[in-house]
Amino acid sequence: MALRTEELTFSLGPQHPSTHGVFRAMVTIDGERVVHVDPVIGYLHRGTEKIAEWKTYPQIIPYTDRMDYLSAMLNNYCHVGAVEKLLGLEIPEHAEYIRIIVMELNRIASHLVWWGTFLLDLGAMSPFLYAFKDRQVILDLLEEISGARLTYSYMRIGGVKRDATQEWLRRVDDFMDEMVKNIQGYNNLVTGNEIFQSRVKNVGVYDEAFAKRWGLSGACLRCTGNSYDVRKSDPYSLYPKFDFEIPTRTSGDVWARYIIRIEEMLQSIRIVKQAIRNLPDGPFMGKAPRNIRPPKGEVYFHIESPRGDMGCYIVSDGSDHPYRWHWRAPEFANLAAFPAITEGVNIADMIAILGAIDIVLGGVDR
Amino acid sequence: MDDEQHTNEHDESSDTKREEKPSERPPAGEAVGDAQAPAGAPHPESAPTPEAAREASQQRSGRLPESSTSPTTPTSPPAKEGEKQPAAAGSARPAGGARPAPRGAAAPQVPTWIDLEELKRLLGEGVEAVENQWGTPVVTVQADQLLRIAEKLRDDERFRFDFLTTMTAVDWRSYLETVYLLQSYEYPTHHLTLKVSHLDSDNPRVPSVTGIWEAAGWPEREAYDLMGIYFEGHPDLRRLLLPEDWEGHPLRKAYDYID
């Protein structure tokens, strides 16, 4: 005889520890099973796209910091890259190398936050402390070169704000060696843990067709076997010069997304070390006009952020500020698929799935 | 301030460098503008060596010498009103006049993966305009043909645009426009921008493409929320970012946001 059950709707968040910022979900459950999830977003909506219409192109750079605040370097690059594409600017190779170093450092720092908070969601407290200890070293390095811990505004249209000193590069290089060992430590601490594995394996499974329909990117796509990564698939900057791999898995579950991000950190370390070894001499600022007035037209420029395919769409009317400025946030697209992934799973699994999407609400809400 | 001074320094140094060896082709690592780039268009796509890869990526970024801007098709003017001329006209002209505008600016490359005329022919009726924007074909279609063309772009072997990266809208004051930025997981270097233009500002209605790309769900809700466009057939058209009781649509140019 079937047990009589009743559906219950409750609000998860907006200030729940497992929601990474102010995300709220109206969750309908039947016992332990999730029947329906309706994400409620917008708590961090600051109207960046509207603000951008009133700012000159260089003035927009600090606003990009504040969208996905865990990957401000990459946001900076996405915006200046779009403007540089509009202007047809040539960037000195030295500057481009420094950009790659700071972007990959930022990617590692972002993945570390994800790693710590994801495990926090699953109930493991101590990994968070390890992750933030290592992340702090990277943030100190980035602070030294840019002047800020999180909101770097380090990129300039045409180059970067300041040159990297030899001393700084040496310390980055040293820390990368240390970081390889630390990641091994993370694996010893967490990855092999059976309890952890049973929490994430075969949880939140979807296939490649699903990922494509929902326009997923980043680890959320590569866990299904597709190796789409903008750095390799539609190369920008000087990434074709670097030797690195795109980690993929085929199981499509939370475990796959976890392993991919761990391996991505190792690949980023490879890129940083190559960049430091091969760093050419040259200016850190290219030949950029002081008064930036791109020609009329529209342009879309996209890069691989820690969370996936991030893009900047600019409609220029020939003036010094964009007529329309639109941001493609990968976590926005990835989060949109969250209700479809979670249908019918347990509540605890829902938290694991949400954590594995790796959302940053500043980027989702913009 | 200080970065602007740095800019000056390096501009000057690269200027002198340019004067010293005007005819030499710069080595790949040199920090010079593309003024010295070879006259012929760099070979597209294939990138076996790092240098070639860099050239290819530059080409994708729209950094081509001016000589390669020979008009290809009558349907690919560089700009809507035909005003956008290479470098000298539209691009940055510094206040002092000392620094020349970057060469190659506003010299939109031609899409490498398809000819615009052919694209127009393949998409059939309902195509209002096909133009080239920095190497990306921009296709404007009639609203009633949007779904047919979108489905063709997704399924046709020639296109395979199965990745709707994002969807947004632009307010051109007298009318609205929806913009669909398409990519392909299969051919990641192919980009295409699909548009439905001249929507009535008072009652903008356009068919929802959620049936073709599920990824359109949230971006269409966002465009409804911030631009006030009604997507017919959208399964769940509610405000997304703003509270439900918000009045008006802030991304409209006429939106009065100062109370």
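**Notebook: pockets, strands and a sheet**

I began with the largest pocket, which holds about 670 Å³ of space. Of the 34 residues in its lining, His45(A), Leu241(B), Leu242(B), Pro243(B) and Trp246(B) are the closest to its centre. I note that the model is a predicted one.

Next I asked which elements supply at least two residues each to the lining of the largest pocket. In chain A they are β3 (33–40) and α1 (48–52), and in chain B α5 (217–227). The largest share is that of α1(A), with four residues. I then sorted the lining of the largest pocket by class and found 16 nonpolar, four polar and 14 charged residues.

**Cavities**

I looked up how many cavities of 30 Å³ or more there are. The count is six. The second largest cavity has a volume of about 120 Å³. I listed its lining as 18 residues, with Phe332(A), Ala333(A), Thr165(B), Thr166(B) and Pro219(B) nearest the centre. Two or more lining residues come from each of β8 and α12 (330–336) of chain A, and from each of β3 and α5 of chain B. Which of these elements gives the most to the lining of the second largest cavity? I found that β3(B) does, with four residues. By class, this lining has 11 nonpolar, four polar and three charged residues.

**Strand β4 of chain B**

Is β4(B) enclosed or open, I wondered, and why? Nine of its nine residues are buried, so the rest of the structure largely encloses this strand. For this step I took buried to mean under 20% relative accessible area.

I checked the two faces separately. In a regular strand, side chains alternate between the two faces of the sheet. On one side of β4(B) I found Tyr175(B), Glu177(B), Val179(B), Leu181(B) and Gln183(B), all buried.

Then I looked at the partners of β4(B). Strand β3 (residues 163–171) of chain B runs antiparallel to β4(B) and is joined to it by eight bridges. One pair I picked out is Val170(B), whose bridge partner in β4(B) is Glu177(B). The hairpin of β3(B) and β4(B) has three residues between the strands, and Arg173(B) in this hairpin takes a positive phi near 70°.

Strand β5 (residues 191–200) of chain B is also antiparallel to β4(B), and eight bridges join the two. Here I noted Gln183(B), which stands opposite His191(B) of β5(B).

**A sheet in chain A**

Strand β7 (residues 308–316) of chain A is joined to β8(A) by five bridges. Among these contacts I looked up Ile314(A), and its bridge partner in β8(A) is Trp325(A).

How values were computed. Residues are numbered from 1 along each chain as its sequence is written. Chains are lettered from A and ligands numbered from 1 in the order in which they are written. This is a predicted model: local features need pLDDT of at least 70, side-chain atom pairs count only at pLDDT 80 or more; totals for chains, interfaces and linings use all residues. Side-chain values use heavy atoms; hydrogens and water are left out. On a 1 Å grid over the protein atoms alone, a cavity is a set of points where a 1.4 Å probe fits but cannot get out, and a pocket is an open set with protein on both sides within 12 Å along at least five of seven lines; lining residues have an atom within 4 Å of a point. Grid points are joined across faces, edges and corners, and a volume is the space filled by probe spheres set on the points. Ala, Val, Leu, Ile, Met, Phe, Trp, Tyr, Cys and Pro count as nonpolar, Asp, Glu, Lys and Arg as charged, and the others, Gly among them, as polar. Buried means under 20% relative accessible area, exposed over 50%, partly exposed in between (1.4 Å probe, protein chains only). Two strands pair if DSSP finds at least two bridges between them.
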